[in-house]
Amino acid sequence: MLPSAVIMDVSWELLKNIAPSPLTALTAAFLDQRDIKVWIKRDDLLEMPLEMDDHAFSGNKWRKLKYNLMAARQQGFRQLLTFGGAYSNHLAAVAAAGRIFGFETVGIVRGDEAAAFNPTLTFARQCGMELQFVSREAYRHMREDRNWEEWRRMYAQAYILPEGGTNDLALQGCAELADESLAEIQPDYIALSCGTGGTIAGLIKGLAGRSFALGFSALKGDFLSEEVTRLLGDQAPARNWAINADYHFGGYAKVTPDLLDFMNDLNRRQGILLDQVYTAKLFFGVFDLIRQGHFPSGSVICIVHTGGLQGRKGLFRS
Ligand SMILES: *Cc1c(COP(=O)(O)O)cnc(C)c1O
């Protein structure tokens, strides 16, 4: 038994009983003009049982980690190992989760050690995460070959979470987003931001055809549909989903003045804080498609705010 077992049990009880995040209605003149109703599923407001939150263990990252943490614990692991970029929401979430639930954590970081003192990695270290840096080049090879063996060997005792946290248990956690989103409203579309595609794949499974999942890729390129199909595997339900790849704003973590204006404007007018990597591109995309008349009038759209606010620290990177 770990010495911190009692504290951990308290945390687990809290984790299992986290209240569903709120659904809030968005009001705006352009929505009325098009007769479109927009709800926001506020996973950014999930209330977590921790004293040092920093928005890190929240949003879709907590959904993706939930069953992984339970599995790691049940299987007796004491250490979590994962991978990510220097501003990765997933790395920050794993670091925070380790701190809360009493796991040691190791983060394999893309890039050189110069990043070690950026706000995200400083937070991760404060949570107790051990950081190992891998050159961009080596990291890319490792990712393309899906070859984490070197690290697996080095940390043979660790429970391995892939980059971005996407695996079957992550999909199981994200599937719960479906029932939660459909409990109070009947959206025709559920829109969300995609990186690895794990969150939307889970949502699609959970929906089982009850609504249309519309993903907005935060990355440039058209590979994501294929990736989501792969993640869904044999159990792929009817194709009640699509990926829009038009709102990446130049690629992953790239921003434009238009995007930042939009983000600041929504915060000022609606009091909703977005992050520049994922959710700002999503909201921009949905609003733009509404203005273009892409959605039939009378449509109800649920936009999932997947959190990621710790990534705003990257806005001020030098
Ligand atoms: C990681 C992240 C995503 C992407 O999730 P995937 O499951 O990798 O597609 C979307 N939004 C936010 C805020 C994130 O942090």
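Trainee: By class, how many nonpolar, polar and charged residues does the shell around the ligand have?

Mentor: A residue belongs there if one of its heavy atoms lies within 4 Å of the molecule. Here 15 residues surround the ligand, and Lys61, Lys64, Thr196, Thr199 and Thr306 are the closest. The shell has 2 nonpolar, 11 polar and 2 charged residues; Ala, Val, Leu, Ile, Met, Phe, Trp, Tyr, Cys and Pro count as nonpolar, Asp, Glu, Lys and Arg as charged, and the others, Gly among them, as polar. Do keep in mind that this is a predicted model, where local features need pLDDT of at least 70, side-chain atom pairs count only at pLDDT 80 or more, and totals for chains, interfaces and linings use all residues. Residues are numbered from 1 along each chain as its sequence is written, and side-chain values use heavy atoms, with hydrogens and water left out.

Trainee: Which polar side-chain atom lies 2.6 Å from an oxygen atom of the ligand?

Mentor: Look for N or O atoms paired within 3.5 Å. That one belongs to Thr196, while a polar side-chain atom of Asn60 sits 3.0 Å from a ligand oxygen. Gly197 uses a polar backbone atom, 2.9 Å from an oxygen of the ligand.

Trainee: And what order do the strands have in the open sheet of 4?

Mentor: Strands of a sheet pair through backbone hydrogen bonds, either parallel or antiparallel. Strands are DSSP runs of at least two residues (E), numbered from the N terminus, and two of them pair if DSSP finds at least two bridges between them. This sheet runs E5-E4-E3-E6, with parallel pairing. Its edge strands, E5 (130-134) and E6 (158-160), each pair on one side only.

Methods:
Polar contact = N/O pair within 3.5 Å; in protein donor to acceptor, adjacent residues only side chain to side chain.
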